Amino acid sequence: MAEVFGLYKQRASFIHGLHPLTKLAVSGFFLLAGLSLPGMWSTYLLVIFGLLPLAFLSRLLLELVSRTGRIVLPFMISVFLIQGILWSGGTPLIEVGPISFKQEGVQFAIASSGRILIVVGSFLWFALTTRPDQLMLALAERGLPSSLSYLIVSSIQIVPRFQARANTILDAQRSRGLEIAGSIFQRARAVLPLVAPLILSSLIDVEERALAIEVRGFNYPGPKTSYREIAQAAWEPMLQRFLLLAMAGTLILSIVLRLVS
Amino acid sequence: MISLQGVTYSYPGTSSPALRDLSLEIPRGQFCAVIGPNGAGKTTLAYILAGFIPHFYHGSLQGEVNVEGKNAATMPQRELLRLVGLILQNPFNQISGTKVTVQDEIAFGLENLGIPREEMVARVAAAMELVGVSELAERSPLGLSGGQMQRVAIASVLVMQPAILVLDEPTSQLDPVGSREVFQAVREMASSGQMTVIMIEHKVEWVAAFADRAIALVDGALLADGEPRHVLAIDTVWRAGVGQTRYTLAARRLQELGKWQDGKRLPVTLDEATLTFKAFQKRR
Amino acid sequence: MADIRRNFTTITIVLIPVAIAINIAVGQLIYAAKIPLYLDTIGTILVGVLAGPWAGALTGLVSNLVWGLSGLNVTYAPFAAVAAIIGLLAGLFAEARWLRSWWKAILAGLITGLVAAAISAPISAYVWGGVTGSGTDVIVAMFRGFGLGVLPSTFAQGISSDPLDKAISFLLVWLIVRALPMRFLARFPGASKTTD
Ligand SMILES: Nc1ncnc2c1ncn2[C@@H]1O[C@H](COP(=O)(O)OP(=O)(O)O)[C@@H](O)[C@H]1O
Ligand SMILES: [Mg+2]
């Protein structure tokens with residue numbers, strides 16, 4: 001199953017065996033709590049006491065940390081430099097030669113970095129431990145229209161094929177000695193003629209692909225069945241419901257906290 | 001049982017018809033091959049049988065199409081869907097893209113029909129066995145070779161057990177061994193009386209060996225209809241650009257060299273060729 | 001009628017994943033060629049134009065989720081709403097027949113880019129602290145240096161790139177629609193409003 005999906009990583013962990021909706025609820029909770037709770041440090045608490053232990057249990061701690069780091073670090077550096085130094089009218093906190101980090105700016109940067117961390121981290125944790133087709137199956141069982149799950153799964157599957165085609169085009173261009181270099185206009189002149197056939201040829205296939213799913217009853221009226229079954233432990237629906245309640249609670253709490261302060 | 005009467009069809013926005021005054025009857029359990037050069041209207045015929053014309057492609061359709069005694073144009077599409085299975089020309093487009101493994105891909109049609117899971121599992125396994133893709137069950141359908149995809153495409157329609165199976169160039173990506181296997185499987189299904197098969201094909205050698213009947217289309221019109229070995233020996237069919245078996249080609253070469261007895265029928269199959277060429281040798 | 005609607009849905013549903021793949025493949029190609037544009041919403045705009053505003057919006061939404069789920073660019077996911085608005089606007093402009101002439105297409109792109117910059121600024125400011133972690137942050141830094149607030153600086157950064165990018169994208173879609181065969185276009189309700 002190595003060829004399945006971009007992000008999903010198979011591991012022998014009990015987290016991987018959880019129902020997709022349970023994991024969706026967990027990461028949804030992190031996302032909501034991280035984005036709504038006030039204070040600079042709340043997101044860091046969520047990461048340290050929630051996300052990292054879960055990643056460890058999923059046997060993906062290093063994977064998650066390195067992937068998240070690669071995405072988040074440039075943001076953090078930018079946000080600390082720009083908002084920390086260029087905060088207008090702030091109280092100087094640390095001075096390095098002519099430049100100074102302002103207290104308000106640094107606080108803003110800490111809060112932003114925390115939000116970036118929790119958003120990227122919980123999204124990645126979810127995607128690393130959940131197979132998209134199983135997620136769609138679980139959502140279909142809850143009434144997600146089959147056309148939506150078709151959309152999402154086939155998009156994820158078509159994208160790598162398309163990228164491969166785009167790369168073939170690029171390589172072919174290079175091997176013909178047509179370097180994509182020079183001024184912006186020269187580069188654009190080199191790339192756009194490559195893009196056009198890629199787009200047009202893929203669009204022409206659409207008609208036959210529509211017929212192909214029609215012929216297999218994509219629009220057949222009546223209830224559909226499913227070839228795969230997703231296992232779910234008895235306590236999981238309870239946890240899911242609890243997490244939904246916790247999300248509502250967190251939302252109310254953050255509104256109250258913001259009103260109070 | 002399929003019957004077409006005086007069917008003429010033009011795609012929307014075109015002036016010349018893709019099919020002209022076509023009349024045909026195909027009895028239940030027959031293995032009928034459709035041959036003809038590119039643009040002859042073979043795929044159009046397949047679309048008519050599957051109801052895509054007139055339901056998906058509008059245009060102008062005249063004449064009558066009956067499938068199992070009912071008018072295909074007025075029959076509810078879901079009913080037609082259960083009767084007629086269509087395997088499209090391009091296997092890359094036939095893969096739904098919404099499934100992650102070959103067995104899920106094959107089960108897709110059954111899920112849509114609402115078949116219970118236990119039955120689905122049995123039917124998927126049987127279909128994979130029949131077209132020889134059992135060992136690919138856990139592979140990603142989009143990562144297969146063209147030939148493997150073609151087999152999966154066939155299995156994914158076969159598994160729906162249609163009464164009529166229409167295959168549009170189903171061996172285009174297969175090597176000779178694979179092509180032969182597909183012809184053989186189709187032959188068996190037709191012979192067992194389970195299915196009526198209409199197969200659009202360019203590989204006339206196999207058509208001659210396996211099909212009950214060949215229909216030659218040229219420019220949307222019926223040019224010849226009959227036993228493959230008769231149809232494939234007809235001069236006008238050859239001139240229209242339909243492929244020939246190597247035996248017929250050998251005979252045609254002799255004809256060109258003036259060494260063929262006038263009016264003598266050209267051989268199409270190996271058996272015929274053996275007989276004719278033996279007689280030919282004796283006369284010399 | 002029911003049949004037409006049904007068929008319209010199937011072909012649109014098949015078109016959307018292809019459009020998303022176009023977004024991603026073209027976006028990455030442009031990035032690889034170091035052209036200072038994104039051009040990663042061409043597919044979304046195309047669906048909006050051909051299949052209508054709702055289909056366009058759905059394409060944008062799913063597109064950004066797929067950028068994330070396939071591990072290509074997780075940072076796009078929070079901007080799913082912006083992508084949806086781009087698809088929606090493309091559909092509305094096409095319905096208003098702005099995709100008939102190239103200059104109106106460019107104008108539609110400029111407006112769409114402005115709207116996109118306006119909605120992405122608060123998201124970017126709140127979730128990402130107003131930065132992108134890439135070279136364009138120089139612009140944010142400049143405006144912050146002038147004493148502008150976080151939100152205005154982020155918006156200024158968006159204005160410096162989005163309208164131009166969307167104008168070019170709309171123009172390319174205008175070209176693509178013209179290159180597509182009539183029999184393909186006839187499958188979509190929006191096509192008649194884009195050609196004369
Ligand atoms: N969707 C369409 N719109 C207009 N013309 C079409 C369409 N599909 C096929 N045709 C035309 O109809 C004729 C028959 O095509 P087709 O049935 O595909 O032939 P074959 O399968 O024998 O190669 C060709 O001239 C082709 O160009
Ligand atoms: Mg054909």
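**A serine and its surroundings**

Guide: Leaving aside residues up to four places away in sequence, A:Ser254 touches A:Ser36, A:Leu37 and A:Pro38, where a contact means heavy atoms within 4.5 Å. This is a predicted model, in which local features need pLDDT of at least 70 and side-chain atom pairs count only at pLDDT 80 or more, while totals for chains, interfaces and linings use all residues. Residues are numbered from 1 along each chain as its sequence is written, chains are lettered from A and ligands numbered from 1 in the order in which they are written, and side-chain values use heavy atoms, with hydrogens and water left out.

A:Ser254 sits in helix H9 of chain A, residues 236-260. Helices (H or I, at least four residues) and strands (E, at least two) are DSSP runs, numbered from the N terminus. The relative accessible area of A:Ser254 is 2%, so the residue is buried. On this scale buried means under 20% relative accessible area, exposed over 50%, and partly exposed in between, with a 1.4 Å probe and protein chains only.

Another helix of chain A is H4, residues 103-129. Of the 27 residues in H4(A), 24 are buried, and the helix is thus described as mostly covered. Its end C-alpha atoms are 39 Å apart, which agrees with the 39 Å that 27 residues should span at 1.5 Å a residue. The expected span is 1.5 Å times one less than the number of residues in the helix.

Chain A as a whole has nine helices and two strands. Read from the N terminus on, its elements run α-α-α-β-β-α-α-α-α-α-α. Its radius of gyration is 24 Å, but a compact globule of 261 residues would have one near 18 Å. That radius is taken over C-alpha atoms, and the globule rule is 2.2 Å times the number of residues to the power 0.38. Along the principal axes, the C-alpha atoms of chain A fill a box of roughly 65 × 60 × 35 Å. Buried residues account for 50% of the 261. Of the contacts in chain A between residues at least 6 apart in sequence, 73% join residues at least 24 apart.

Chain A carries 22 positive and 14 negative charges, with mean positions 4 Å apart. Lys and Arg count as positive and Asp and Glu as negative, while His and the chain ends are not counted. The place of a charge is taken as NZ of Lys, CZ of Arg, CG of Asp or CD of Glu.

Chain B has 13 helices and ten strands.

Within chain B, B:Tyr11 lies in the loop between strand S1 (2-10) and strand S2 (19-26). With 22% relative accessibility, B:Tyr11 counts as partly exposed. Residues that B:Tyr11 touches, not counting those up to four places away in sequence, include B:Ile53 and B:Gly59. B:Gly59 is 48 residues from B:Tyr11 along the chain, yet their C-alpha atoms are separated by 4.6 Å.

Most residues other than glycine have a negative phi, and most peptide bonds are trans. The bond from B:Ile53 to B:Pro54 is cis, with omega near 15°, and B:Pro54 lies in helix H2 (residues 52-55) of chain B. B:Glu68 is not a glycine, but its phi is positive, near 50°. B:Glu68 is in the loop between strand S4 (60-67) and strand S5 (70-71), and at 23% relative accessibility it counts as partly exposed. In chain C, C:Arg97 has a positive phi of about 65° although it is not a glycine. C:Arg97 is found in the loop between helix H4 (80-95) and helix H5 (102-127) of chain C, and its 39% relative accessibility makes it partly exposed.
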